[in-house]
Amino acid sequence: MRSRAPLRTIGLALALALAGVGAGVAEAAPEERPRPLVWTDCPDDPSGAPVDPRLRCTTVRVPLDYRAPNGRTIEIAVSRLATAKPGLRRGILVHNGGGPGVASLHMPTSQEHGYPQDVLDRYDLVSFDPRGVGHSTPVSCGRSAASLPNDMVFAFPAPDGSIDQNVSFARQLARDCLANGGELIRHVTTANTARDLDRIRAALGEPKISYRSASYGTYLGAVYAELFPGRTDRVVLDANVSPNVTWTDRLATWDRASELRFEDFAAWAAERDATLRFGATPAAVRANYLALGAKLDRAPVTHPVAGPVNGNLWRAIYRFDSYHASLFQEIADWWRYLADDGAGPVPYWWMVRGTPGVPEDNDVAALVAVLCGDNAAPKDLGRYQRKVTESRQRNPIVAGMGANVWPCAFWPAPVEPAVRVTDRGAANILLLQTTRDPATPLVGALGMRATLGKRARMVTVDGGNHGAYDRSTPSCAVDAADRFLATGVLPQRDLFCRPDATAPASARATVVRPS
């Protein structure tokens, strides 16, 4: 049994300042005729969910380095679920699970229930494990999962605010990734994943793709639309990041976003004070949450699987479960468990599941590769300490974690500039966003909207879930996305609304969790 089993990666994405990070590349010339694909049964789903027998899988070979197209190649695992009716079929609707680093091969079956029939009638659902991830040629830093504790991968500072331990961990992880990741790790980037997506399109024999994704996947979609504007059909980007900023600035917005989202949880808990006893007012809930974190900093509570749960792991548990209101009860269950020194059962939903043939550190290795390969990070370690000190004072809910140092501070310069997204291209992009998203805050969506200009319309929902295309929380965003995917009709102007008063009893929540 592992101690301190790590939380797996979740949809990383955010944004703040519009900083230039490089120029885009013109749309590629027509590719050579791709080799015929061989479709097979799909591998087991690492989540443990049954694999739909209708889901078929194949592999597409792509260049490791697109600057050397005749050099080494790697494999990309691709899946397709045929749902379109022949007389209504428009093409393929491609998905990405976010992250970076989230395996996405099985997304067609997990997403099928989220679409109305008139969307399913028009598209075959397609997804893929991005380069470096899962059943695509996987990247590794040579680490065991046990050596990647959550509160170090996601860089929570020490209880006194020091980042010395984070600096040491980041330096060593960068060293291991660069030493063990081979040629691949420097080429696991968003731009290359977008180029892989176009190779997938060509291999499937499709002139264009439609695309729907959330979180980090919005950045990937925007980069694809910039590189290949004539090959996009209908694009829906949900829970957006600002495209032309560094990852350092994106991650830093987590801290304020977590503060805004806590208001929703605190109100929920205060309404249930008669049973929860976390505080009769949102202010009392907040004070008691912070007090529990301080208590656990001094005396962790040992969970039978997670091991010692200190203040930072508690903060991480809160943050991950804040992604959707349907998970607030899990926060409450953990709160009671930790406040009562481990009395009673508590869910442990992020238990690591091994995937045969995939290194156990693969998700973290792919995450680091993209963050550090897309654009350079500041090297001044004093800067990170100053930013953390400032942020933890203003944003104590996650203790300044978003402002902290990552392995990118010890990474070589990227092999190429990041793609700069512009407003050039067809007006075929719909942006969806909630106002208090804890992972991809509104400021990032506003950056995406400003960048895309006339290419996009944006629908904003008053809420805090990570993602607005969610049938358990119906709203004008769900209606607009359904209409656009089925008919191609965008709203005439940007929209704002509150969630509908009631959700259908059969609706299921669209929840982004650690993979």
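The disulfide of Cys-42 and Cys-57 is right-handed, with 100° about the S-S bond. Cys-42 lies in the loop between β1 (40–41) and β2 (56–63) and Cys-57 in strand β2, so this link ties together parts that are 15 residues apart in sequence. The model is predicted, and the disulfide count in it comes to four.

**Disulfides**
- The sulfur atoms of Cys-42 and Cys-57 are 2.0 Å apart, and both residues are buried.
- Cys-141 and Cys-177 are joined at an S to S distance of 1.9 Å; with 90° about the S-S bond, their link is right-handed.
- That pair connects distant parts of the chain, with Cys-141 in the loop between β5 (123–128) and α3 (150–153) and Cys-177 in helix α4 (residues 164–180), 36 residues apart.
- Cys-141 counts as buried because its relative accessibility is 2%, under the 20% cut-off; Cys-177, at 0%, also counts as buried.
- A further disulfide is formed by Cys-476 and Cys-497, with 2.1 Å between the sulfur atoms; the torsion about its S-S bond is about -95°, so it is left-handed.
- Cys-476 sits in helix α16 (residues 476–487) and Cys-497 in strand β12 (residues 495–497), 21 residues apart; both are buried.
- With the bonded cysteines numbered in sequence order, the pairing reads 1-2, 3-4, 5-6, 7-8.

- In strand β10 (residues 429–434), six of six residues are buried.
- Side chains in a regular strand alternate between the two faces of the sheet.
- In β10, Ile-429, Leu-431 and Gln-433 point one way, and Leu-430, Leu-432 and Thr-434 point the other way.
- β10 runs parallel to strand β7 (residues 232–238), joined by four bridges, and Leu-431 of β10 stands opposite Leu-237.
- β10 also pairs with strand β11 (residues 456–461) in the parallel sense, over six bridges; the partner of Leu-432 in β11 is Val-459.
- From β10 the chain passes through helix α15 (residues 442–452) to β11 in a right-handed β-α-β crossover.
- The buried residues of α15, including Met-448, Arg-449 and Leu-452, pack against α6 (216–227), β7, β10 and β11.
- Gly-453 follows α15 and has a positive phi, near 55°.

**Nonpolar cores**
- The largest nonpolar core has 114 residues, and Phe-265, Val-285, Trp-314 and Leu-338 have the most contacts inside it.
- Helix α13 (residues 362–374) gives the most to this core, with nine residues.
- Apart from this core lies another, of 29 residues, among them Tyr-123, Val-236, Cys-476 and Phe-484.
- Beyond its neighbours within four places in sequence, Val-285 is in contact with residues including Phe-262, Phe-265, Phe-278 and Trp-335.

Note on methods: Residues numbered from 1 in each chain as written. Predicted model: local features only at pLDDT ≥ 70, side-chain atom pairs only at ≥ 80, totals over all residues. Heavy atoms only, no water. Core = buried A, V, L, I, M, F, W, Y, C linked by side-chain atoms within 4.5 Å. Buried < 20%, exposed > 50% of the residue type's maximum accessible area, 1.4 Å probe, protein only. Helix = DSSP H or I, 4+ residues; strand = E, 2+ residues; numbered from the N terminus. Contact = heavy atoms within 4.5 Å. Pairing = 2+ DSSP bridges. Right-handed = clockwise from strand over helix to strand, strands pointing away. Disulfide = S-S within 2.5 Å.
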